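Colleague: I would like a close look at one part of this model, and then a walk through the parts that surround the question. Please keep to what can be read from the coordinates.

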Amino acid sequence: MGSYRVCVCFRRRFKSGEAVAPQEVRELFNKYAEGGAHMTSDQLRQFLAEVQGEVDEKDELDTQKVVQEVLQKRHHITKFARHNLTLDDFHHYLFSTEFNSPIRSQVNQDMTAPLSHYFIYTGHNSYLTGNQLSSDCSDVPIIKALKRGVRVVELDIWPNSNKDDVLVLHGRTLTTPVDLIKCLKSIKEHAFAASPYPVIITLEDHLTQDLQAKAAQMISQTFGDMLFCPNDESLNNVPSPEELKYKIMISTKPPKEYLDSKSVRESSKQLLKSKSKDSDEDEWGKVGNDVANTQNEDDKESEYKRLIAIRAGKPKGSLKEALKVEEDKVRRLSLSEQEIEKASEFTQKNFLRIYPKGTRVTSSNYKPFVSWMHGAQMVAFNMQGYGRNLWLMHGMFRSNGGCGYVKKPDFLMNVGPNNEVFNPKDKLEVKKTLKVKIYLGDGWSMDFKQTHFDSYSPPDFYARVGIAGVPADVTMKKTKIIEDNWIPTWEEEFTFPLTVPELALLRVEVHEYDMSETDDFAGQTCLPIIELKQGIRAVPLYDRKGEKYNS
């Protein structure tokens, strides 16, 4: 059983003399500076190798450069006579997220496996600015999601009132629409702002055949060579993220699934009964008589069909039938958050998209771990929402350099000797032990008014530290409350035994104790445990919506 330690300082902007170096930092400085008042670049390299575990990452040139950058940033002088660090400089270095981040910032996983072997950062109703019933539709949340590294964007497409153009909106609600072409152009412009790996557009299609042809034309003209259109309809050999760099993929149901005229009639009736259902369960919208009478139907259909890289479908008949793995076919199935439990084997080859149940009208989110534990690649979230479940989603996709693709652990890809798949409820042995020491926090006095937490005195901060993951690993612990201090020093250590570290996140929250009311929120982050760097690290905190605090 392995074990490793991570020590945490939270902060944002540094001001000299504000946060005092903890005792352990002073001791490390004395040790590596060999009792002197300054630490050389060679001594810093030794500290980085022995304490921070950065053996291969820093050669001689690097540490000299680091020393220069620390001195420039801290003293605002470009040419600095001194080429070594004082204790305060060293503490500044450790307390800087720019120099000393808690997780790896580069892509570090194998990107050559089939696309279905990855968890993919997935949005739900990506065009909505707020709630599911009455908010505006816009390309702005799509752009924001892409800049965060989201790789799957969902668009619900409907005819306009004249039936001559395509709009994006949440059907049968009061949401105000946005033109499809506007969304497509914004996707093209921002698709690879945060990651070079493919963007998948999932279309919830409620169009007539004429408008499907028009949508196909818009998509082809907007993306051109960026579009990945497979020759093999069943996509039996799924390409890898590496092969699909800078490509756009379309995922939707093939036209034939919609255009059986009986099902169109049936679903128009069904439409009235299914108001509360989520978009991926939405039935086909009412279609005029032009469906049956259109000329060149096959041409229009094949143009639309040609664009579909990942064929989607929803369960017909029983869930057991829907989850059958077909030898010669790869497909995408969409299930509501309540239906995930039986899907593990299906997800070893096929794509499974999980979406929020229709009653989440305020754009809240569900617990993502149940879906990840069963191998679902596309766990669709309302990125415009907020709350702890969204923080977990942000945390998971800080993995692998934030590129939007995280390789599924091997145990989710393997079938046992008796065809058994990973069961998160099984009793498992502890694989790793994580030790976390919380030293201190700083930066609140620069981001908040003096009276933000307490009208008459400085805040009383405490930290909550814990694990999100498989049920056996989940826990949350708490530091003592430090009263009346903008720069709380906790210096408390916690130990977390982990049975499935590959799926675990380190959760950190800071709150301000309030005797008479609910405690005030003061920041949070979630960090993938497989990505954590050892040693003393500076951890940036985020607000409720997942935006990084300034200081």
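Leaving aside its neighbours within four places in sequence, which residues is Asp454 in contact with?

Modeller: This is a predicted model. Once neighbours within four places in sequence are set aside, Asp454 is in contact with Pro459, Asp460 and Glu512. Asp454 sits in the loop that runs between α15 (444–447) and β14 (461–468). Asp454 is buried but has no salt bridge. Its nearest side chain of opposite charge is that of Arg544, 14 Å away; a salt bridge would need a side-chain nitrogen within 4 Å of a carboxyl oxygen.

Aromatic rings come next. Ring pairs join Trp444, Phe448, Phe453, Phe461, Trp486 and Tyr549 into a cluster. The structure holds 19 aromatic pairs. For Tyr93 and Phe99, the ring centres are 6.0 Å apart and the planes are at 25°, so this pair counts as stacked. The cut-off behind that label is an angle under 30 degrees. Both Tyr93 and Phe99 are buried.

Leu44, with neighbours within four places in sequence left aside, is in contact with Met39, Thr63, Val66, Val67, Leu85, Phe90 and Tyr93. Tyr93 is thus named both here and in the stacked pair. As a general point, nonpolar side chains in soluble globular proteins tend to be buried together.

In α14 (residues 388–396), 8 of the 9 residues are buried, so the helix is largely enclosed by the rest of the structure. The buried residues of α14 include Trp391, His394 and Gly395. Helix α7 is mostly covered, with 11 of its 15 residues buried. Among them are Gln209, Gln212, Ser220 and Thr222, along with Leu211, Met218, Ile219 and Phe223.

Just after α7, Gly224 takes a positive phi of about 50°.

Note on methods: Residues numbered from 1 in each chain as written. Predicted model: local features only at pLDDT ≥ 70, side-chain atom pairs only at ≥ 80, totals over all residues. Heavy atoms only, no water. Contact = heavy atoms within 4.5 Å. Buried < 20%, exposed > 50% of the residue type's maximum accessible area, 1.4 Å probe, protein only. Helix = DSSP H or I, 4+ residues; strand = E, 2+ residues; numbered from the N terminus. Lys, Arg positive; Asp, Glu negative; His and termini not counted. Phe/Tyr/Trp six-rings, centres within 6.5 Å; stacked < 30°, edge-to-face > 60°.
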